[in-house]
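Trainee: Before I work with this model, I would like to go through it with you.
Mentor: Bring it up, and ask one thing at a time.

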Amino acid sequence: MKLSPRDANAYFKKPDRDKTGLLIFGSDAMRVALKRQEFLKALLGPQAEEEMRLTRIPAAELRREPAMLLDAIKAIGFFPGPRAAFVEDANDNIAKILLDTLKDWQQGDAQIVVTGGDLKKTSKVRKAFEAHPNAYAAAIYDNPPDRGEIERMLADAKLTPDNDAMASLVDLARAIDPGDFRQTLEKLSLYKLDDSSPLGADDIAACAPTSTEADVDDILHVVAEARARDIGPVMSKLQAQGVTAVTLTIMATRHFRTLYRIAANPGAPVYGVRDRDRVTRQSNSWGAAKLETALSVLTDTDLTLRSAGQNAPAIALVERAFIRLAMLGAQKNR
């Protein structure tokens, strides 16, 4: 059965121990891993690995030894409590093994938990879980956590934000990766240890991470500052270092979204960037209207890169998009 994103978040928090299994899949490995951790903790409790109630099976090992999964779900544990067999990085190479194990599952067996990448609708693994009457399949999309999810994470971290802090956290969640956001909450929890006052925006500013993508930052600033002549040399350097076209597009989209948020909300706190004054100047230079156009250009570029019929050199497509953006940025605001 399919789980919608809303239903999935509720299920990860309160899973059904009588289900056969769960498939969690998506293109962002970090988001999938975080959801899997949340689900397994809720299903098995925090001591599952110490009590040997969780068996981890990489897909590559399962392919070499197909009986591993069936043995794991049938094994009798030494400790009482629910059990699970976790298969990581599943794909259609092990689809038959998973399908056979789903058929052999009986009440009382360990639950089958599977994670995978961006499984297509035609994937046999995805179809098996979506069609199974007692199993779930949940797709994890590249969306930042919403306000409700952030509130649950804050409750887990025993943090109580004031109104300004909550708004800042929502902005921060949109600006950085989910793993970095979770680590920031953990850092805030330690930062506020023995401090009973509400979490404030100043606390978040003290703990918020800065970007570690220094090399990619170079090209982002070149584009945002409309220095079209510098794009070629910097792109050549990044290409030699192995930076991919998709990475450049994702990082550029994230950067221009940050610029747009600043333009749309003047005076709001700026998080997840190395040089706040610099990006604020960039945002003021562009203005919200041109930034909307820039994001449309980046979205079109991303779709082109992911198109099945795309044959042109990917880096060349991104460089052309960056030059177009720099020329747009050089135009005077009307």
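What follows is a set of questions and answers on this model.

Trainee: What kind of model is this, and how are residues numbered?
Mentor: This is a predicted model, in which local features need pLDDT of at least 70 and side-chain atom pairs count only at pLDDT 80 or more, while totals for chains, interfaces and linings use all residues. Side-chain values use heavy atoms, with hydrogens and water left out, and residues are numbered from 1 along each chain as its sequence is written.

Trainee: How many helices and strands are in the protein chain?
Mentor: Helices (H or I, at least four residues) and strands (E, at least two) are DSSP runs, numbered from the N terminus. By that rule the protein chain has 16 helices and six strands.

Trainee: What part of the protein chain is buried?
Mentor: Buried means under 20% relative accessible area, exposed over 50%, and partly exposed in between, with a 1.4 Å probe and protein chains only. The C-alpha trace spans about 70 × 55 × 30 Å along its principal axes. Of the 334 residues in the protein chain, the buried share is 46%.

Trainee: Among contacts between residues at least 6 apart in sequence, what share joins residues at least 24 apart?
Mentor: A contact means heavy atoms within 4.5 Å. For the protein chain, that share is 75%.

Trainee: How far apart are the mean positions of the positive and negative charges?
Mentor: Lys and Arg count as positive and Asp and Glu as negative; His and the chain ends are not counted. The place of a charge is NZ of Lys, CZ of Arg, CG of Asp or CD of Glu. The protein chain has 46 positive and 46 negative charges, and their mean positions are separated by 5 Å.

Trainee: What is the geometry of the aromatic pair of Tyr11 and Tyr136?
Mentor: Rings of Phe, Tyr and Trp (its six-membered ring) pair if their centres lie within 6.5 Å; planes under 30 degrees apart count as stacked, over 60 as edge-to-face and the rest as tilted. The structure holds four aromatic pairs. In this one the centres are 4.8 Å apart and the planes are at 70°, so the pair is edge-to-face.

Trainee: Which elements does that pair link?
Mentor: Tyr11 is buried, because its relative accessible area is 8%. Tyr136 is also buried, at 15%. The two are 125 residues apart and link distant parts of the chain: helix α1 (residues 5-13) and strand β6 (residues 135-139).

Trainee: Which residues form one aromatic cluster with Tyr11 and Tyr136?
Mentor: The cluster holds Tyr11 and Tyr136 together with Phe12 and Phe39.

Trainee: Which charged side chain lies over the face of Trp286?
Mentor: A charge sits over a ring if NZ of Lys or CZ of Arg is within 6 Å of the ring centre and within 35 degrees of the ring normal. Over the face of Trp286, at 5.7 Å from the ring centre, lies Lys290.

Trainee: Is Ala90 buried or exposed?
Mentor: Ala90 is in strand β4 (residues 84-90). Leaving aside neighbours within four places in sequence, its contacts include Ala59, Leu98, Val114 and Leu119. Its relative accessibility is 4%, so Ala90 is buried.

Trainee: Is Thr20 buried or exposed?
Mentor: Thr20 is in the loop between α1 and β2 (21-25). Beyond residues up to four places away in sequence, it touches Leu102, Trp105 and His132, among others. At 1% relative accessibility, Thr20 counts as buried.

Trainee: What is the phi of Lys158?
Mentor: Most residues other than glycine have a negative phi. Lys158 lies in the loop between α7 (147-156) and α8 (163-175), and it is exposed because its relative accessibility is 74%. Although Lys158 is not a glycine, its phi is positive, at about 60°.

Trainee: What is the phi of Asp194?
Mentor: Asp194 lies in the loop between α9 (178-191) and α10 (201-207). It counts as exposed, at 79% relative accessibility. Its phi is positive in a residue other than glycine, near 65°.

Trainee: How far apart in space are Gln331 and Lys290?
Mentor: Gln331 lies in the segment after α16 (314-330) and is partly exposed, at 49% relative accessibility. Gln331 and Lys290 are 41 residues apart in sequence, and their C-alpha to C-alpha distance is 9.3 Å.
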